[in-house]
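Okay, everyone, thanks for coming. Let me put the structure up, and then I'll walk you through it chain by chain.

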Amino acid sequence: MRRDIFQAIADPTRRAIITLIAVHAMTPNALAEHFDSTRQAISKHLRVLTECQLVTQEYQGREIYYQLEIDKMKEIDKWLEQFRRIWESRFKQLDQLLSTIKKKK
Amino acid sequence: MKHNLQFDFIADEKKNTLTIRREFLAGRQLVWDCYTKRELLDRWFAPAPLTTKTKSMDFREGGHWHYAMVDPNGTEYWGYTEYLKINPIDYYTSLDAFSDAEGEINEDLPRAEWLVSFTDKGENALIETIVTYKSLSDLEKVIQMGMEQGMIATLKKLDELLLTISKEK
């Protein structure tokens with residue numbers, strides 16, 4: 001099964017988890033309180049997020065805290081940046097075309 | 001004279017949409033023509049170094065645009081856009097697709113719905129394009145296709161070149 005940033009954010013619950021732990025690291029129990037899902041379901045999402053390397057675990061005593069890997073989140077921006085440039089380049093050509101047509105008139 | 005033309009590029013990962021807004025130094029009618037006439041579309045739509053080649057176009061509701069983006073080696077990447085609603089010169093909606101030279105749509109590749117709106121911004125025109133994908137991974141696939149088609153690779157090469165030059169300084 002594929003494990004990357006897109007897989008990580010494809011699911012609404014996982015996106016919500018990301019938003020929550022972006023503020024501060026949380027335990028699975030604390031996270032589960034924010035959802036109607038079972039603790040098991042949350043753990044499963046956390047496992048996917050871990051496999052996507054979007055979250056890391058930190059042990060504090062007997063508790064496991066999950067924290068967000070901000071750098072990994074930036075990957076999606078890089079993808080989008082590439083797409084943005086295609087549009088930029090396309091629009092520059094349209095600028096030129098418009099100015100050519102206007103001059104002819 | 002330097003113009004500061006508005007350009008917004010917003011991704012909404014919840015709605016799987018891309019919203020692209022761009023201002024142009026021309027009236028709405030002229031920009032509308034550039035979007036809806038084949039001979040004009042051919043002159044700007046594919047980002048360089050690719051060029052656009054229209055095979056057939058019928059700009060009406062239920063009509064289509066069958067075109068290729070051609071890379072410098074002559075390789076053709078075919079697209080087929082179906083027009084859904086048209087309201088000149090305010091907006092149109094369409095459904096894009098990857099296809100072959102015969103216009104056969106490739107159902108394995110993602111399709112996206114486009115809503116392109118044209119509004120006045122002073123003497124300029126503001127064009128808003130909202131592209132809606134079925135899922136985020138569809139968007140990812142389309143970006144991947146862009147890479148394969150050399151649209152992004154070239155820009156990446158340019159980045160590398162710029163980096164090399166700036167290091168040499």
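**Two chains and the contact between them**

So, chain B has 4 helices and 9 strands. When I say helix or strand, I'm talking about DSSP runs, H or I over at least four residues for helices and E over at least two for strands, numbered from the N terminus. Before going on, some housekeeping: this is a predicted model, where local features need pLDDT of at least 70 and side-chain atom pairs count only at pLDDT 80 or more, while totals for chains, interfaces and linings use all residues. Residues are numbered from 1 along each chain as its sequence is written, and chains are lettered from A and ligands numbered from 1 in the order in which they are written.

Back to chain B. Reading from the N terminus, its elements go β-β-α-α-β-β-β-β-β-β-β-α-α. Of its 169 residues, 21% are buried. Buried here means 20 or more other C-beta atoms within 10 Å of the residue's own; 12 or fewer is exposed, in between is partly exposed, and the C-beta atoms are placed from the backbone.

Let's look at the strand pairing in chain B. Two strands pair if DSSP finds at least two bridges between them. Strand S6 (residues 91-95) of chain B pairs with S8(B), antiparallel, over 5 bridges, and B:Leu95 has B:Glu113 as its bridge partner in S8(B). On to the next pair: S8(B) and S9(B) are antiparallel too, over 10 bridges, with B:Thr119 partnered by B:Leu126 in S9(B). Those two strands make a hairpin with 2 residues between them, and B:Gly122 in the turn has a positive phi of about 65°.

One loop to point out while we're here. B:Asn73 sits between strand S4 (64-70) and strand S5 (76-87) of chain B. Buried or exposed, would you say, for B:Asn73? B:Asn73 is exposed, with 7 other C-beta atoms within 10 Å. From B:Asn73 to B:Leu50 it's 9.5 Å, C-alpha to C-alpha, with 23 residues of sequence separation.

Now chain A. Here we have 5 helices and 2 strands, in the order α-α-α-α-β-β-α from the N terminus. Chain A has a radius of gyration of 21 Å, well over the 13 Å that the globule rule gives for 105 residues, so chain A is more spread out than a compact globule. That radius is taken over C-alpha atoms, and the rule is 2.2 Å times the number of residues to the power 0.38. Along the principal axes, the C-alpha atoms of chain A fill a box of roughly 75 × 30 × 25 Å. Buried residues come to 20% of the 105 in chain A.

The two strands of chain A, S1 (residues 55-60) and S2 (residues 63-68), run antiparallel and are joined by 6 bridges. A:Val55 has A:Leu68 as its bridge partner in S2(A). There are 2 residues between the strands in this hairpin, and A:Gly61 takes a positive phi near 65°.

Last stop, the cores. The largest nonpolar core has 16 residues, and those with the most contacts inside it include A:Leu94, A:Leu98, B:Phe24 and B:Trp44. A core is a set of buried Ala, Val, Leu, Ile, Met, Phe, Trp, Tyr and Cys residues joined through C-beta atoms within 7 Å. Helix H5 (70-104) of chain A, along with helix H1 (28-36) and strand S9 (124-133) of chain B, are the elements that give two or more residues to this core. There's a second, separate core of 13 residues, including A:Ile42, A:Leu46, A:Val55 and A:Leu68.
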